[in-house]
Amino acid sequence: MFKPLTAMQTGIYFDQSRDPSSPRYNVGVTLETFTHVDPLVLKKTIALLSQKLDILSMGLVVDPDGGVLQQFDAPKPIDFFYLDLSADEDAVSSARAHINKNYPQAFNLLQDQLLAVSLYR
């Protein structure tokens, strides 16, 4: 199924295409929990959500006229990264360093999954 981009999506797409290496539209969320989170359960939950919420399987495609459309395909696996730092002396600093190194990577709006999830323990 194809749908036109909203005005906001169009603006973001063209701005990002002028500077494809920029991560300026990455939105990061950090949640601190005070209980154990099972990485396998979280990964399965995210996979289930991706099957139920079409927005998580949305991609962008260029149509034959050069316009850009939203494409809703079969659910795609969402990138899930897990790093256990519990043996690290300063796990919080190590997690922050890893996030700061990887978060600024730009997404290719026409090829990449537009959601990635990381879990640090």
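This is a predicted model: local features need pLDDT of at least 70, side-chain atom pairs count only at pLDDT 80 or more; totals for chains, interfaces and linings use all residues.
Trainee: How many helices and strands does the chain have?

Mentor: The chain has three helices and five strands, which are DSSP runs numbered from the N terminus (helices are H or I with at least four residues, strands are E with at least two). Reading from the N terminus, the order of elements is β-α-α-β-β-β-α-β.

Trainee: And what box do the C-alpha atoms fill?

Mentor: Along the principal axes, the C-alpha atoms fill a box of roughly 55 × 30 × 20 Å. Of the contacts in the chain with a separation of 6 or more, 66% are between residues 24 or more positions apart, where contact means heavy atoms within 4.5 Å.

Trainee: What share of the chain is buried?

Mentor: Buried residues make up 21% of the 121 residues, with buried meaning under 20% relative accessible area, exposed over 50% and partly exposed in between (1.4 Å probe, protein chains only).

Trainee: Which residues form the largest nonpolar core?

Mentor: That core has seven residues, namely L5, Y13, M58, L60, V68, F72 and L109, and strands β2 (58–62) and β3 (68–72) each supply at least two of its residues. A nonpolar core here is a set of buried Ala, Val, Leu, Ile, Met, Phe, Trp, Tyr and Cys residues joined through side-chain atoms within 4.5 Å. As for M58, if residues up to four places away in sequence are not counted, M58 touches Q9, Q70, Q71, F72 and L114.

Trainee: Switching topic, where is L31, and is L31 buried or exposed?

Mentor: L31 is found in the loop between α1 (7–18) and α2 (39–52), and L31 counts as exposed because its relative accessibility is 72%. Together with V27 and V29, L31 makes a nonpolar surface patch of about 390 Å². Patches are made of residues with over 30% relative accessible area and no salt bridge, with like charges joined within 9 Å and nonpolar side chains (Val, Leu, Ile, Met, Phe, Trp, Tyr) within 5 Å.

Trainee: What does D15 touch?

Mentor: D15, which is in helix α1, touches R24 and Y25, not counting residues up to four places away in sequence. The side chains of D15 and Y25 are joined by a polar contact of 2.6 Å, meaning a pair of N or O atoms within 3.5 Å, where within protein one must be able to donate a hydrogen and the other to accept it, and residues adjacent in sequence count only if both atoms are side-chain atoms. D15 counts as buried because its relative accessible area is 15%.

Trainee: What joins D15 and R24?

Mentor: D15 forms a salt bridge with R24, with the closest N and O atoms 3.0 Å apart; the term means a side-chain nitrogen of Lys or Arg within 4 Å of a carboxyl oxygen of Asp or Glu. By that rule the count comes to four salt bridges.

Trainee: Which side chain meets D84 in a salt bridge?

Mentor: D84 meets R121 at 3.3 Å, N to O. D84 lies in the loop between β4 (79–83) and α3 (91–102) and R121 in the segment after β5 (116–120), so the pair ties together parts that are 37 residues apart in sequence. Elsewhere, salt bridges that share partners join D15, R18, D19 and R24 into one network.

How values were computed
Residues are numbered from 1 along each chain as its sequence is written. Side-chain values use heavy atoms; hydrogens and water are left out. Accessible areas come from the Shrake-Rupley method with a 1.4 Å probe; for residues, only the protein chains shown count as cover.
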